[in-house]
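The following note sets out points on the model for a colleague's attention. Please read the numbered paragraphs alongside the coordinates.

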Amino acid sequence: MSDAISSSYSDIRGGSLSPQTESWDTWSTAKNDIQSSETSQKDTIIISSEARARYLQEQEEQETQSIATWETRFGLTPGEHVLENGTRQVVTMEGRSIEIVEYDKDGGLLRKINGILDNDSAVFDTEVYDVNGDVSQTLHVELTGLSNSSKAHSEARMTRTATWFQHGEMVRQMSDAMDLESTYRGGHAVIDLSLEKKDVPQESQTKLAIEDLFDIENKGIEFSLEDMAGSITQDKQATNYQLRVQDFVDGQLRGEMTIDQKSEYENLTNRSTSATILQGPFTTNERKHDISLNVSISNYDAEGNLLRTASFEDNHKDGWGAKDGRLSQSVSVSWYNKGELIRRSAGSLTMKEVDGKGMPDRATIFQTLGMTEEEYATQQTHSASSLLASVAYKASTEADLFGSELKHDAATTVNGDYNTAGAVSKSGSGANPYSISWTDETYVDGELVSRKEHKESATENQIPSKGQFRTGGGLTEDETTSLLHDSSHHIETYEKGQPVLDVTLHGHEYIQRDSHGPDEIRTSFQGGQTGNGQDDQGFQQTEIGMLEETDSAFHDASEGFGTQLQAILSSVVHFVRSPSSALDEGTQGVAYGALR
């Protein structure tokens, strides 16, 4: 361990790491065994053999306990190991300290990790080396909450800072933090979910079993984590993840991203070896979740002028019910030329779940914590510190941990995970009611010159169907429609701050009933235009068919929203991957040009 690292550890602990300092309380409690006598003119302290033996025994127990903690909490064992990728790893433990050195297949140094344990915390400091042996990355990780590991409710926190270097120059800084609150209910004495009840439908059994399990608190039953081992547990996990990344080129800030993600999960976990009427052994089923995500991105030119700002907000709730799902999103993007605003776009989206049509997926608790279901759904219930400790070593070696699921979702937005608007613009919303609005504004010399507002929506059809519609308009005979669509468009132009043109168009679908034959879908349009020296020219028109077929601009809202959201998510991919990779092509690269 280098002198610099040893010194930093001393600062963290607030003093020396010597055995004498660590065991001051031990020496104090042994004062009754210390005898004093005078020889010549000086006092001589005599330590009894019993006190010395007790001290040495406690030192040995502390070292044994520290090694056990490294092994059980962090999955680290002393000795030399060969990892799956062929990397050779040498782990050395001494008291509460640990040193991990990794080499490539040719013996080249890859990274050094130094860690130290305290009663309630663990600290890791990492240096990563490039092929020339120079430091390319440093990480500092701290985990707190280790002492609270046996109760049904616990909290833990992991913080991390990382710095990247290229040719000795800093190119990226990152800081993030994960807070986790874990609460469990369950136990062998609560309910036997493996027993089926005669003459009771399985769906009813499942509902009754869950209600009974979730009513444990009202029954006044309390269990420790040990009591709940091997049982069915109700798990509540609440996370709060915050991230800040800054990219630099030639010492100049060129890009910055912040993420604030909060989530609440309620799960059922079978920690036994037997299958139940609910689920298989060692599996976890999500009962409901509430997840919010906020992303903000800023980009700058070589002179430090603002190029663009972008923000994205996503709120997603879902449960076991067929109509529980709710989604709301907002996007805002602004572009600048030499620091002056030239364009601004913003929009919002809402969607709700209906029978037979699920909501877009979101990260599970495993993906949020960077672990697998097998690691989570074990026989033993995990405290908050145990869950974070299981990924603490990975966090000290993988800077994109906790961002990996965001990276995955961004890369697969074509499937509609986060980019719901993009999916709607291509293939509609299925049976889910939704509403999307999108506004584009253009500025010249700081003044607004045009504004375009587009809206599209779909609501549930409340009119009972006779089971027949006329063919055409996207329908076939005997087909019904579950949604009725609506759209609106508003275009304004300005000169010297004064409006010169105002155009509006509104269309909506409705069911035309026919007592003598099948019903049909029709679309009604209303619109108007003022300006350019003309009086108001209003009009009304009805078309046979669906709005999507009769309004060529119907998906302008979802296309505008989806295009800019895709660009934001592409920037997220950049920021959780290699630093400044997009800058190889200047500001037209993936991260910085994608928002144009």
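1. With which residue does Lys 236 form a salt bridge, and how far apart are the closest N and O atoms? The partner is Glu 266, with 3.8 Å between the closest N and O atoms. Lys 236 belongs to strand β11 (residues 232-249) and Glu 266 to strand β12 (residues 252-270), so this pair ties together parts that lie 30 residues apart in sequence. A salt bridge here is a side-chain nitrogen of Lys or Arg within 4 Å of a carboxyl oxygen of Asp or Glu. Strands (E, at least two residues) and helices (H or I, at least four) are DSSP runs, numbered from the N terminus.

2. On the basis of the values: this is a predicted model, in which local features need pLDDT of at least 70 and side-chain atom pairs count only at pLDDT 80 or more, while totals for chains, interfaces and linings use all residues. Residues are numbered from 1 along each chain as its sequence is written, and side-chain values use heavy atoms, with hydrogens and water left out.

3. Glu 266 has a further partner: Arg 287 forms a salt bridge with Glu 266, the closest N and O atoms being 3.1 Å apart. Arg 287 lies in strand β13 (residues 283-300) and Glu 266 in β12, so the pair ties together parts 21 residues apart in sequence. Glu 266 counts as buried, at 9% relative accessibility. Lys 236 is partly exposed at 30%, and Arg 287 is partly exposed at 25%. The classes are buried under 20% relative accessible area, exposed over 50% and partly exposed in between, with a 1.4 Å probe and protein chains only.

4. Strand β13 also contributes Asp 290, whose salt bridge is with Lys 317 in strand β14 (residues 306-319), so parts 27 residues apart in sequence are tied together. Asp 290 is partly exposed, with a relative accessible area of 30%, and Lys 317 is partly exposed at 45%.

5. A search of the whole structure finds 19 salt bridges. Arg 344, Glu 441, Arg 451 and Glu 492 are linked in a network of such contacts.

6. Two backbone values deserve a check. Asp 250, in the loop between β11 and β12, has a positive phi of about 55° although it is not a glycine. Lys 338, in the loop between β15 (326-337) and β16 (340-352), likewise has a positive phi, near 55°, and is a residue other than glycine. Asp 250 is exposed, with a relative accessible area of 67%, and Lys 338 counts as exposed at 69%.

7. The search for aromatic pairs over the whole structure gives six. One of them joins Trp 70 and Phe 74, a tilted pair at 5.3 Å centre to centre with 50° between the planes. Rings of Phe, Tyr and Trp (its six-membered ring) pair if their centres lie within 6.5 Å; planes under 30 degrees apart count as stacked, over 60 as edge-to-face and the rest as tilted. Trp 70 and Phe 74 are four residues apart in helix α4 (residues 49-74), and thus separated by about one helical turn.

8. Helix α8 (residues 384-395) has 12 residues and should span 16 Å at 1.5 Å a residue, which agrees with the 16 Å between its end C-alpha atoms. The expected span is 1.5 Å times one less than the number of residues. Of these 12 residues, 10 are buried, so α8 is largely enclosed by the rest of the structure. Helix α12 (residues 556-575), with 20 residues, reaches 29 Å from its first C-alpha to its last, close to the expected 28 Å. In α12, 15 of the 20 residues are buried, so this helix too is largely enclosed by the rest of the structure.

9. Thr 420 is in helix α10 (residues 420-427) and counts as buried at 4% relative accessibility. Its C-alpha atom is separated by 9.6 Å from that of Met 359, 61 residues away along the chain.
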